[in-house]
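Here are my notes on the structure you sent over.

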Amino acid sequence: MRYFKKNNFCFQLLLLFVIQFCFSQKAITKNYSVIDGLPSNAIYSVFIDSRNIIWAGTDKGISKVENGSTTNYYESDGIAYNNCWAIVEDSNNNLWFGSYGGGVTYYDGNTFKIINNTNGLINDRVRKLFVYKDKLYVGTKKGVSIINTSTKKIQNLQTAKDLELQIMGFFEYNNTVYIQSYKNGVWKHNTNENNLSLITDKHSSVFSVLKHKDSILVSFDGYYQKNKAIKTFHINDYLSNKSPAKAFGNSVVWDYNIDKNNNIYAVADGINYPTGGVFKIEQNRVKNENSNFNINSTKCWSIAYNTNNELLYIGTLDQGLFEVKLDNKVLFNEDITNIIDVKIQNEHTYFLTQEGLKIKASDDTIDITKHDFFKKISEFKKKLNLASEDRFNNTRLSDLEFKNIKLFNDTVWISTTIGIFSMNIKTNTLEFHHIITNGFILFNDNSGYFQYPYRNLVYINNIYDALTLKKSIKKFIINAPSDVNSIIKIDNELYFLSQFIGLYKLKNGVFTSFKDKGIWSEKELILATVSPKNNLVIANTKGEVFIIDVKNGFRVITKICRDQLHGNSIKFLKTYKDYIIIGTEKGINFYRSNKIKIINKAHGIKSEYLTSAALDKDNLIVGSEKGYYRLDLNKILKTTTPNYNINITDIQANYESIASKNFHWYTYQDKMVVLPYQKNNLSISFKVNNHPYAENLEYRYKIEGLDSDKWSQWSTKKQLNFSYLASGIYPILIEVRDHNNAEIYCKKIITLHIKPPFWKTWWFISISILLILGALYVKYKLSIKKIKKQEALKTKLNKRIAETKLEALQSQMNPHFTFNAMNSIQNYVIDNDIDKALMYIGKFSKLMRKTLDNSSETRITLQEEIDYINTYVTIENMRFEDAIKVEINHKDLDTFDEYIPPMLIQPLIENSFHHAFNIAHHPYKLTITFSKENDFLKCEVKDNGTSIKKTTQIPHHTPKAIGIIKERLSLISNVPIHKLITITSTDKGTITTLFIPFDN
């Protein structure tokens, strides 16, 4: 494209740079250094193991890089030496680290084991490691050792000339291992003789070799072999001392790698000369990729390639480790910065920046500076003689700020703070129009609607007619919306977006407010575009996006809420096929069918600087302050499902790590963890391996087996916390929401088994039940035995009670009493005192009948006992001619409600009549007192007769009667007998006290 003057206008303000067009697109690169946790920026070896873990050997330790985080290992952790020059993985998936000074370190995922010169290694300065079948070839500064990777047995290979070979590389060809030395040629390993034989010593000063198909690339000293530092041989030619097929390059290549597209990459360090870097080997030349990979170091030493994620890792000796994305999904260009807006039309890309307009085509670039634009304003003022207008009098270059670009047919329109510029693409003419507007739309390149700031909408018939334009500015449209910032045309209808009063439609010259008509209440609208299906797509200031069908009336098809999007502030809005592309401060959202894919800093986009975007067929050009990005939409939107390998990296119970023996290669190996009941506060950390953009994953979990087994909230944290889990078995499920492909993946990662306390275990419960049943059985047997014993005792007791009652009866009806009674009756008969004899006989017979009646009762009322005593006393007193005064007191006792055993008190009264009363103690008195004391009926028998101590003759039945009374009381009460009956004898008489238990 050429930019030139038209008519007599001077375009000296335009500076034209016609150059060979090249986007200078760069791959997205990430740098790991000591700032990110590496022990050193000097990387001597890089390796990616089968678990997708990146290992970096530095001069100060070994680093494990996984999901962006680093873990370092040093001699104190068990490695042989901090300076690590080589890393390989054997057929058992164990790692070997070769150190330049300490030998070899073997790592099985749990522990490190050192194999060095002390163990039999030929030399401790290891330069290269090579695995072939079950053998590890250890190339050192002074020869080769072979370690059996299973048995760890060491064999040192001898040379025929007994040379100390400095090993620079290995390769396998036709099932034979060849060893490349620095100055002493190529050697072959003779497996039968277990030694080395020289193949060729023609080539010297070799630094590295790479076998590729049937060819071999050999690196030589680039300083001494100018333009021939890398030589390509057919393997047979190299082994036969033939000349190389090609020779090129000027640096010293230390390592090679091949990507999945068979591209060969080499890393070089010119040693004493800055000729190193990263190179891509193409045909017979090398192409320096430092600029494209954004790597400034010329001291590149090691390289590794991740096939799954298309990532190239470059180890440098001064700037750490670089990760380069080779998938070309996102490419970056920084030759244009401070981009405000970008548009694409007819294979031309228009970049509006803070400095001016840059137009890129396939073969050249036009740069129109801010100064050029400002000069055009001066020409416009002179042409129309507008110097007297205040708006132009005080206008300075600093007042000119660019807003946006619009393309209408073959014209580019640039809106600024001072006015609008138009540039005809075909004629390459630039003009200025003194219209300051926020939003506008044109028809036929000369007429259209314009929104003036803080004023109403105007329609201009011919924007190129400056005189007409001046008059048109004052003709505002009645009932038109104000504060319009975007105008969209769908079919023959225009839609106007206002930032404060919502959406308007213009049809047949009439404006309709959707808000005023009650159709749609949204007000703060800022961006709009049209989908391929002619749906209107609108974004508001709240960060919401609406997809609206305006062809069939008005219907909101979809509302994309702010919490669905990544980011709050919408920067641009585009549509591609059935996707809505929404740019925010956090990245680029691709919305389709209620699913959102995100492209952000994980993919290399510094999203906080995004300003605008434009579609170039299947590419999205995104402008930013730092440069612009080119996104290959076919690659980005291609549906892929990575392997979501979720591994547990740590389990803590009560804030202490547990189950360390079950971890291997940093992951928990069992499907269940079993814990005692008191260790029920758990924290589980996990990771997702083999994912290229793990930063864009969100997680939530669910515990099956709880009353509430709902999913947790989505979070980027890779840690699960459980507090005070009750005993039970809990499967833990994790859902992974991948914002890279808008998919959700679910997996059960582990089962938690919290053992119950011993008192809730089946064996304890079983034993307890058995013990309880046993105890109940024993208690039952003891109860039966006790009952039987009680029944036997009761039977014995009843028998004894009956016996004592009989004995009491016998004591009451003793021969002496009967004899005296009969004798008294006889005397009354002899004395011919018939009345007394009959009365006596009546009393005696009544007493006998009551005695016999009471003997059959266990309890009688106190009144019956008093009646019985009165009868007995009457009979006895007749013998004393009623000389004995008898008193019976019961002290307010209800004698009819109190019950006592029969035949307890009469023997005491009889004892007084027979032994206490004699003629010396006349007058005689016997007092019987009943009272209640605690839970006993107290009976006190008091006489004023001769005391027991003075009685010389006591009938044998008296102590027997007292003994029977004591036994009967002991049978009906548990109180000691000495507390139930007391006999007190003094010179004034005898007091006998009984305490009889109540039986109400």
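**Notes on the model**

1. Y576 has Y579 of β52 as its bridge partner. This is a predicted model, and the points below should be read with that in mind.

2. The strand β52 covers residues 579-584 and is joined to β51 by 6 bridges, with the two strands running antiparallel. β51 itself spans 570-576.

3. These two strands belong to an open sheet of 4 strands, ordered β51-β52-β53-β54, in which the pairing is antiparallel. The edges are taken by β51 and by β54 (595-599); each has a single partner strand, so one side of each is left without a neighbour in the sheet. On average, neighbouring strands here are turned by 20° against each other, direction ignored.

4. How many residues of helix α10 are buried? The count is 10 of its 11 residues, so the helix, at 906-916, is mostly covered, taking buried as under 20% relative accessible area. Among the buried residues are Q906, P907, L908, I909 and E910. Further along α10, S912, F913, H914, H915 and A916 are buried too. As a general point, an α-helix has 3.6 residues a turn, so residues three or four places apart point the same way.

5. Is K161 buried or exposed? K161 has a relative accessible area of 54% and counts as exposed, because the cut-off for that class is over 50%. K161 is found in a loop, with β15 (158-159) on one side and β16 (167-173) on the other.

6. The overall dimensions come next. The C-alpha trace of the protein chain spans about 190 × 105 × 45 Å along its principal axes. Its radius of gyration is 58 Å, whereas a compact globule of 1000 residues would have a value near 30 Å.

7. The secondary structure of the protein chain amounts to 12 helices and 74 strands. Of the contacts with a separation of 6 or more, 53% are between residues 24 or more positions apart.

8. On burial and surface: 51% of the 1000 residues in the protein chain are buried. The accessible surface comes to about 48,100 Å², and carbon and sulfur atoms account for 48% of it.

Terms used. Residues numbered from 1 in each chain as written. Predicted model: local features only at pLDDT ≥ 70, side-chain atom pairs only at ≥ 80, totals over all residues. Heavy atoms only, no water. Buried < 20%, exposed > 50% of the residue type's maximum accessible area, 1.4 Å probe, protein only. Pairing = 2+ DSSP bridges. Axes fitted to C-alpha atoms, helices over the stretch in contact; angles between N-to-C directions. Rg over C-alpha atoms; globule rule 2.2 N^0.38 Å. Contact = heavy atoms within 4.5 Å. Areas by Shrake-Rupley, 256 points an atom, 1.4 Å probe, with all protein chains shown as cover.
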